[in-house]
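Here's a quick briefing to read with the model open beside you.

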Amino acid sequence: MSGETSMLTAIVHEIIYSPMNLALVAIIAFLVYKIIKDRIEVPSMASQKPPEPELPKLRRDFTVAELHQYDGTQPDGRVLMAVNGNVFDVTKGKRFYGPGGPYASFAGRDASRNLARFSVGANDKDKDEYDDLSDLSGVEMDSLREWEMQFREKYDLVGKLLRKGEQPTNYEDEEEDTDKDIKPNDTALESTPNIITDENLKSGSNDDEGVRKRPVTTSTTEEVK
């Protein structure tokens with residue numbers, strides 16, 4: 001009995017007075033704690049958080065100043081941006097274009113000049129005035145049109161970006177005229193297909209996957225994510 005006691009005492013003594021053994025015991029204890037915790041841990045409230053409600057469709061034109069109000073920091077979190085004179089709702093790409101995203105500088109802005117020149121920084125014409133893009137080169141305009149086609153495919157078109165003094169379009173009248181053209185006995189409606197580019201978006205699905213470059217025939221452009 002005394003022999004077993006002395007052996008146990010020797011083991012404890014070896015552990016306590018050996019820094020290496022003490023560190024190994026601490027690591028083993030920590031790993032056992034993590035295993036037990038992971039097995040019994042109740043899912044956090046964050047993992048059970050319901051998805052954000054889908055915002056109602058928006059159909060209207062914007063001045064540059066009005067567009068600035070939709071950068072994702074407002075209560076509803078909607079994110080709009082303009083591309084080549086058209087305003088798009090990019091809220092579903094909020095993790096890229098919203099606050100803290102890699103392209104947050106585009107939110108609530110006319111991103112045409114940035115996209116045409118592959119720049120994510122602020123530009124000297126990003127003010128409360130309409131940018132007519134008249135100083136862009138032909139290659140830059142071709143690149144911008146490629147971007148616009150991809151945004152039309154990926155995101156909802158909201159309206160136009162208005163020039164100074166330009167009157168907004170009344171889209172309610174447009175919708176009423178469309179309803180009148182629909183016959184009661186029509187069994188199915190076919191929508192006009194969107195213009196698509198030569199390549200699908202990076203993920204091949206509706207999920208936003210950021211922005212990456214791809215080759216085109218006239219210039220080098222990037223894909224909308």
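Predicted model: local features only at pLDDT ≥ 70, side-chain atom pairs only at ≥ 80, totals over all residues.

Numbering runs from 1 along each chain as its sequence is written, and side-chain values use heavy atoms, with hydrogens and water left out.

**The chain overall**

- There are 7 helices and 5 strands, where helices (H or I, at least four residues) and strands (E, at least two) are DSSP runs numbered from the N terminus.

**The largest pocket**

- The largest pocket holds about 450 Å³ of space, a volume being the space filled by probe spheres set on the points, with grid points joined across faces, edges and corners.
- Its lining takes in 20 residues, and those nearest the centre are Glu-54, Leu-55, Asp-89, Thr-91 and Lys-92.
- Sorted by class, the lining has 11 charged, 7 nonpolar and 2 polar residues. Here Ala, Val, Leu, Ile, Met, Phe, Trp, Tyr, Cys and Pro count as nonpolar, Asp, Glu, Lys and Arg as charged, and the others, Gly among them, as polar.
- Strand 3 (residues 156-160) gives the most to this lining, with 3 residues.

- An open sheet of 3 strands runs in the order 1-2-3 with antiparallel pairing; two strands pair if DSSP finds at least two bridges between them.
- Strand 1 and strand 3 are the edge strands, each pairing on one side only.
- Strand 1 (residues 80-83) and strand 2 (residues 86-89) pair over 4 bridges, with Ala-82 opposite Val-87.
- The hairpin of strand 1 and strand 2 has 2 residues between the strands, and Asn-84 there takes a positive phi near 55°.
- Strand 2 and strand 3 are also joined by 4 bridges, and Asn-86 faces Lys-160.
- In a regular strand, side chains alternate between the two faces of the sheet. Strand 1 is covered on both: Leu-80 and Ala-82 on one side, Met-81 and Val-83 on the other, are all buried.

**The aromatic cluster**

- Rings of Phe, Tyr and Trp (its six-membered ring) pair if their centres lie within 6.5 Å; planes under 30 degrees apart count as stacked, over 60 as edge-to-face and the rest as tilted. That rule gives 8 aromatic pairs.
- Phe-88 and Phe-151 have ring centres 5.7 Å apart and planes at 45°, so this pair is tilted.
- Phe-88 sits in strand 2 and Phe-151 in helix 6 (residues 138-154), so the pair ties together parts 63 residues apart in sequence.
- Tyr-97 and Phe-151 have centres 6.4 Å apart and planes at 50°, so they are tilted too. Tyr-97 belongs to helix 4 (residues 94-97), 54 residues from Phe-151.
- Phe-88 is buried, as are Tyr-97, at a relative accessible area of 1%, and Phe-151, at 0%.
- One aromatic cluster is formed by Phe-88, Tyr-97, Tyr-103, Phe-106, Trp-147, Phe-151 and Tyr-155.

Technical notes. 1 Å grid on protein atoms, 1.4 Å probe; cavity = no way out; pocket = protein on both sides within 12 Å on 5 of 7 lines; lining within 4 Å. Buried < 20%, exposed > 50% of the residue type's maximum accessible area, 1.4 Å probe, protein only.
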